[in-house]
Amino acid sequence: MARPTALITGITGQDGSYLADFLLEKDYRVVGVVRRSSTENFSRIEHIRDRIELEQADLLDQYSLIEIVGRTRPSEVYNLAAMSFVPTSWTQPVLTAEFDAVGVVRVLEAIRLADPTIRFYQASSSEMFGKVREVPQRESTPFHPRSPYGVAKVYGHCITVNYRESYDLYACSGILFNHESPRRGKEFVTRKVTHAVARIKLGLASELRLGNLDARRDWGFAGDYVRAMWLMLQQKEPDDYVVATGEQHTVRELVELAFEHAGLDWREYVVQDPALMRPAEVDTLLGDPSYARQRLGWSPEVSFPELVRMMVDSDLQQLRRSGAS
Ligand code: NAP
Ligand code: F7E
């Protein structure tokens, strides 16, 4: 059998890099889409740079997507590229819609024109549930997004379902709850906390400013979640799946665990900053992953305390290696 080819948009991001690692292990040819920039930003894929192919295209540019899908001939396309930081979606709402909403239909159009047998994965989000209508959230829970990011993701989700129903494409939407790792961007709360803990431990910082400590999230490990993405594209029929741990924690619990792991008392360092509160908050998210467990045989392997410890240890190690202490 010919070696399968996967095309990944957003390969330089957290999930793109873990998915590329995973697919290389499965002997895929991995083609990554990167957008043109004046300096390369490939730190998350440095370790596999010589085993993947990188191609320039942009979710804002329809022609570049048609050209790349047509030329590289993937059997699977994973659309992970997005403006993924919720607060920025209030300051750049139009650009967020261009990337996260219209960008999805541009990729779907490229597939429909180049080869409608390509299997498609869309990175949907628990942010679509927003002001939650039921607990826990399942595939059938109605959406009530609370940010321009969440609204754009609802469009991406619905257009994926619509292309499946209109053109019979094998198109799946993974409704993923928060997932984190040592490769998470430093502005997201988990990494912001673990990086600050490491800096405080090494005497490089003395405080950590945070927003809402009462927010609740269902946090999992990104390495587990990319496995679910791949499994969705290996089934007989395409479908949509919630991917979550089924457990929730507050930001305060995250902070307690991270500081405790470094032998520190969080109360001495954490300052609540009203400037970090959001115009409309998602107070609580809790996913029900039963359908993914049943149909895909998927379940998470890394627990929340293991994840937090892994991230603190990694940040300490990175800072020590860079000679920062
Ligand atoms: P991330 O680390 O922020 O990565 C985003 C990726 O998208 C980067 O590679 C970025 O490239 C690329 N990108 C942004 N705009 C682009 C454009 N116009 N054209 C081409 N590439 C573009 O995000 P992540 O955490 O890996 O998340 C992956 C996907 O899952 C995103 O769609 C996100 O919204 C969604 N999601 C994430 C979570 C989570 O908890 N992590 C949960 C649910 C859904 P640059 O390197 O050039 O910036
Ligand atoms: O915030 C609270 C904040 O920015 C989590 C993205 O991957 O997951 C992510 O979106 C919670 C929120 O992630 C700070 O108010 C308190 O309630 O880590 P976050 P997010 O907004 O949940 C979803 C599923 C995605 O799809 C997104 O792409 O933590 N919080 N203090 C803070 N958050 C941040 N960032 N910084 C703080 O200082």
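**Exercise 1.** Identify which helix and which strand each supply at least two residues of the shell around ligand 2, and describe the shell by class.

*Solution.* Step 1. The elements are α6 (189-201) and β8 (208-210); helices (H or I, at least four residues) and strands (E, at least two) are DSSP runs numbered from the N terminus. The model is predicted: local features need pLDDT of at least 70 and side-chain atom pairs pLDDT 80 or more, whereas totals for chains, interfaces and linings use all residues. Residues are numbered from 1 along each chain as its sequence is written, chains are lettered from A and ligands numbered from 1 in the order written, and side-chain values use heavy atoms, without hydrogens and water.

Step 1. Around ligand 2 there are 24 residues, of which S84, S125, Y149, R278 and E281 come nearest; a residue counts as near if one of its heavy atoms lies within 4 Å.

Step 2. The shell has 10 nonpolar, 6 polar and 8 charged residues. Here Ala, Val, Leu, Ile, Met, Phe, Trp, Tyr, Cys and Pro are nonpolar, Asp, Glu, Lys and Arg charged, and the others, Gly among them, polar.

**Exercise 2.** Locate polar contacts (pairs of N or O atoms within 3.5 Å) of ligand 2 with S84, E187 and R278.

*Solution.* Step 1. On the backbone, an N or O atom of S84 is 2.7 Å from a ligand 2 oxygen, and one of E187 is 3.0 Å from a ligand 2 nitrogen.

Step 1. The side chain of R278 places an N or O atom 2.6 Å from an oxygen of ligand 2. Taken alone, ligand 2 exposes 700 Å², of which the protein buries 95% (Shrake-Rupley method, 1.4 Å probe).

**Exercise 3.** Determine how strand β5 (residues 119-125) is covered and in which sense β5 pairs with β4 and β6.

*Solution.* Step 1. In β5, 6 of 7 residues are buried, that is, under 20% relative accessible area.

Step 1. Strands pair if DSSP finds at least two bridges between them. β5 runs parallel to β4 (residues 76-79) over 4 bridges, with E76 opposite R119. Its pairing with β6 (residues 170-176) is also parallel, over 7 bridges, and Y121 has C172 as bridge partner.

**Exercise 4.** Locate the cis peptide bond that joins V135 and P136.

*Solution.* Step 1. Most peptide bonds are trans. The bond between V135 and P136 is cis, with omega about -5°.

Step 1. P136 belongs to the loop between β5 and α5.

Terms used: Polar contact = N/O pair within 3.5 Å; in protein donor to acceptor, adjacent residues only side chain to side chain. Buried < 20%, exposed > 50% of the residue type's maximum accessible area, 1.4 Å probe, protein only.
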